[in-house]
Structure formats: C-alpha cells, structure tokens
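This report goes through one protein model, from the whole chain to single residue pairs. Please keep the sequence and the structure at hand while reading.

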Amino acid sequence: MSDFAYPLHEECGVFGIYDRAGTEDVAAAAYSALYALQHRGQESCGIAVNDDGVINGHRDLGLVNEVFTPAVLGSLAKPTAHMATGHVRYATSGSRVRANAQPMIVRHGRGTMALCHNGNLTNALELRRQLENEGAIFHGSSDTEVICYLVTRNRLRMGSIEIAISKTMDVLEGAYSLVVMSATKLIAARDPRGYRPLCIGTLPGGGYVFASESCALDAVGATLLRDVEPGEIVITDTRTGELRSIKDHCGRPDRQMCVFEFIYFARPDSIIEGSSVHEARKQAGRFLAQEHPVEADVVIGVPDSGLDAALGYSQESGIPYGIGFIKNKYIGRTFIQGSQKQRENSVRIKLNVVTSTVRGKRVVLVDDSIVRGTTSARIIKLLRDAGAKEVHFRVSAPPFKYPCYFGTDIPDQKLLVATGRTVDQINEIIGADTLGYLSTEHVVQLAQNANCGFCTACFTGKYAVKPEEVLSTDIHERHLNDRPKDEKKLGE
C-alpha cells in the first residue's frame, strides 16, 4: 500500500478454537492465531476463554504482544478450558476506545456469550436507534455491540443461541463474519453475501478452529477444512463434539466477497474460497503486463503487497524482477501517528531504495493501489533520486473512486486522488513516466479458483446494499455543535 502514513485498513480478524481432546492451551493458541492475524487490525485485541462454562477474557488497545504480556496470558491459561475466541481490531466503525475492543462478553439471563465481529453493518445506525428507544444502554460506539444486543435479546426468547443468531441475521444488513462462544458452543456465522472471509479448520487431536484467514489455522497446527458458506451458521457443540450447520440464509445469487482481500488485506500465504492469495496477486501482475506493457529494464514492487504482483508482471513481460526497496520493519504506529513532518518523512524512513537495482534503468514500479497519491509521488521521487532513468507505475487494482460501507477504511471521497480525475491527471500528480491501473474486467478474475463473486463497489460505485443514512454511531462522542440539528437534543 503506497500511503504508509494513511494506509487503507480492513476492520478486524476473528478466531475461535474448540479443543475436543483437551490437550491444547486454548489461550496460548488464540494468542498465536492473533499474531498471525495482526495485519487485519493493530488498534486493539482481545481473548476470551471458556473454562467449563465460565467465560472470562482480557481486551485492550494495542498490539497483540503489548496487550498480552506473559502475566496476562498466564492468567487466562486454564487446564480445564477447551474453548477460546480472539479478535484483532481496526476501527472503521466506532471510535478507538477500549469499550469497542473485542471479544465483547455479555452476561444475560440465559448465560454468558463472547462475540467477535469482522465487517460493517449498513443498517447499524437504524438498529441502534431502535434499541436505544427500547431502553438499551450502550457502552461503546461500534456496530458489534448492536449485534450483541440483538443476539442476546433473541436468546432470551429462543431455545438455543444458534437460533438466536439466525433470528438476528434476519435483520442485519451489510458485512459480518462472526465467531460466538457460549457456555457449551462455539459458533461461526457469515453474512449471506459473504463480504468477509471465514474458514474452518480441524485440530489433530480432535476439535475445530474458526478464523478469518487460513494463516491463523497454520499458526495453531490446524488443517483447513473449508470456508464457512455465505449465510451459513456453523455450530460446534461440546456435548457431541460434532460440527453441524444451519443454512436458512444461504443461497443468495449476489454473493460477493470484497475483492481487496485478494489484492491487499489477506496474507499471501492464506487460502480464501479455495484460491491462493499469493497466486491471485501474481495473476494481477500478469494482467497488468498484458494491459499496460512497456519497455523497461527491471520490475520492482512496493513492499509488501506489491511484491507478488510485481513478480507476476515480470513473469508475464519477461522483464527481470528485482528487489527495489528494503523495508524497515521496526517503524511502529507511534511514529506514523506523530507530527505532520514525521508523516511526510515516513516513506523515506520506512522504505530505502536499493540503488544498484534501479540506477540508470527503466523501472516498472508495481503497487496494489493509490489512495491519496501523495505517498506514491514520494516513492517515485525516491527512485529518481536513486538514479532511475524512467519510472512506470503499475497498480494492481482499478482506481478508488467511491466509499466502502462494508469494513474498509477508505478516506473521504474528496480525498481520493482518482475522484474526478483522469489517469493522465493522476499521473501528473504522482510524477511517473506512465501510469496503468488494472481494469475492472480483470480485477474480478484474479482468484481463478475462487467459489464466489466479488464486490467492486469502491471502484464502480455499484453497491449490492447501501445505507440509507451515512452517519457514524459515535454521536455521543461528538461535541454538541458538531452534531446534526436533530441530534443536538441528545445533550439535554
């Protein structure tokens, strides 16, 4: 991702484990899995552990290794615990406070539930207002808390938690991949369109694992079984140890995963919907070489997600592949969130050019996207300062032009460099010799073996579902003068 100071973010990563054999330290397994999913969220994280029906957990702001010190992790380790859930979060809905960290643990008249959510609801504001008018009290501002309330309310009326989840899915719109843990069950559920990934793995000693990506299964020694189907509710019951499903919400014809999972969000070693993320990114590079050929001496990628596409471009074009940048992996979030001057210098600090690769050469530079364009311009300048003769920029996604309502933190439309500009005008801003984007026709063909369609609304503006009202649920955290007129009365 070009814009290191203002990168795109995916909302969350979810995880759940049921160890039937009782040989796993499920808290430690969740910790390992969250490490593998850290790329999906770096603002907060949490783990909840089920110790013979008693659910407790820990969650806080920070990275996995910051939140879960040896002492904290040790306090969660229980010899009799067979289930655990875990979550990493980046806030695209709701503010960055501890109350919005997950798993959210809810204690109600029928027991205790821990819930993890990845995605954004498009009708969260409407549902929250309904609940508040009925007397519901919210502690945070995320749409995940809305889901918790609905599931809890339905659980008090239904005979089982899985039926309560199914009833809740009747009213949810938008993107959600859920992992829910009760006293005796571990449940995974995915929205009927399948916007966000969710997979199932098996443990060597017996039991099951649910995770946003298969790389988390690898981290705990689990074997990928299959993906959770869009609309499916998968239940692991500790009383039987078996896996069963409810498919009342399955079968929608407009199933569409976020295509950016394959372009950028997911780890390249993950398998999603039966397709390798690494191979999909190489395919993007091959398509780029076909659509935008150029005479050049070397192909390089912007670390990390541009590297696979650059390799594909090289293979298709016959132009040698080279290592053009060395990435400093020790730049933390504090630096990126510092002063404006620090943000401006973040590219030079985070990336350093391998001069011998680019000096005196015509360079094809491959990246996964251009957001605002400012950092792309700085990267191109770094190459020219290092002696690159020409720089031909290739992007393994179409231009970003529209907002996302399903869990991708795309900036305000007015800040997107592609909004209202032609490719030539964008190229003038970033300063490349030539600029080429992947076509919308080819972007949906990246994952050739994937058993799903793809959402491309951020490129095309064509949404399967769109919120009637675009307003964050964090109205109570705004100053009175910043609220809409009809919401000012909330302060009285």
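## Basis

The structure is a predicted model: local features need pLDDT of at least 70, side-chain atom pairs count only at pLDDT 80 or more, and totals for chains, interfaces and linings use all residues. Residues are numbered from 1 along each chain as its sequence is written, and side-chain values use heavy atoms, with hydrogens and water left out.

## The chain as a whole

The protein chain contains 17 helices and 23 strands. Helices (H or I, at least four residues) and strands (E, at least two) are DSSP runs, numbered from the N terminus. Of the 492 residues, 57% are buried; buried means under 20% relative accessible area, exposed over 50%, and partly exposed in between, with a 1.4 Å probe and protein chains only.

Among contacts (heavy atoms within 4.5 Å) between residues at least 6 apart in sequence, 70% join residues at least 24 apart. The chain exposes about 19,500 Å², and carbon and sulfur atoms supply 48% of that area. Accessible areas come from the Shrake-Rupley method with a 1.4 Å probe; for residues, only the protein chains shown count as cover.

## Strand β2 and its partners

Strand β2 (residues 44-51) is mostly covered, with 7 of its 8 residues buried. Two strands pair if DSSP finds at least two bridges between them. β2 runs antiparallel to β3 (residues 54-61), joined by 8 bridges, and Cys45 stands opposite Asp60 in β3. The two strands form a hairpin with 2 residues between them, and Asp52 in the turn has a positive phi of about 55 degrees.

β2 is also joined by 8 bridges to β4 (residues 81-89), again antiparallel. Here Ile47 stands opposite Gly86.

## Aromatic pairs

The whole structure holds 12 aromatic pairs. Rings of Phe, Tyr and Trp (its six-membered ring) pair if their centres lie within 6.5 Å; planes under 30 degrees apart count as stacked, over 60 as edge-to-face and the rest as tilted. Tyr195 and Phe406 are stacked, at 4.2 Å centre to centre with 10 degrees between the planes. These two residues are 211 residues apart in the chain, and both are buried.

Phe400 and Phe459 have ring centres 5.4 Å apart and planes at 45 degrees, so this pair is tilted. Phe400 lies in the loop between β21 and α15, and Phe459 in helix α17 (residues 457-460).

## Cysteines

A search finds 0 disulfides, a disulfide being a pair of cysteine sulfur atoms within 2.5 Å. For Cys199, the nearest cysteine sulfur is that of Cys215, 8.4 Å away; Cys199 is buried, with a relative accessible area of 2%. For Cys404, the nearest is that of Cys258, 6.1 Å away, and Cys404 is partly exposed at 22%.
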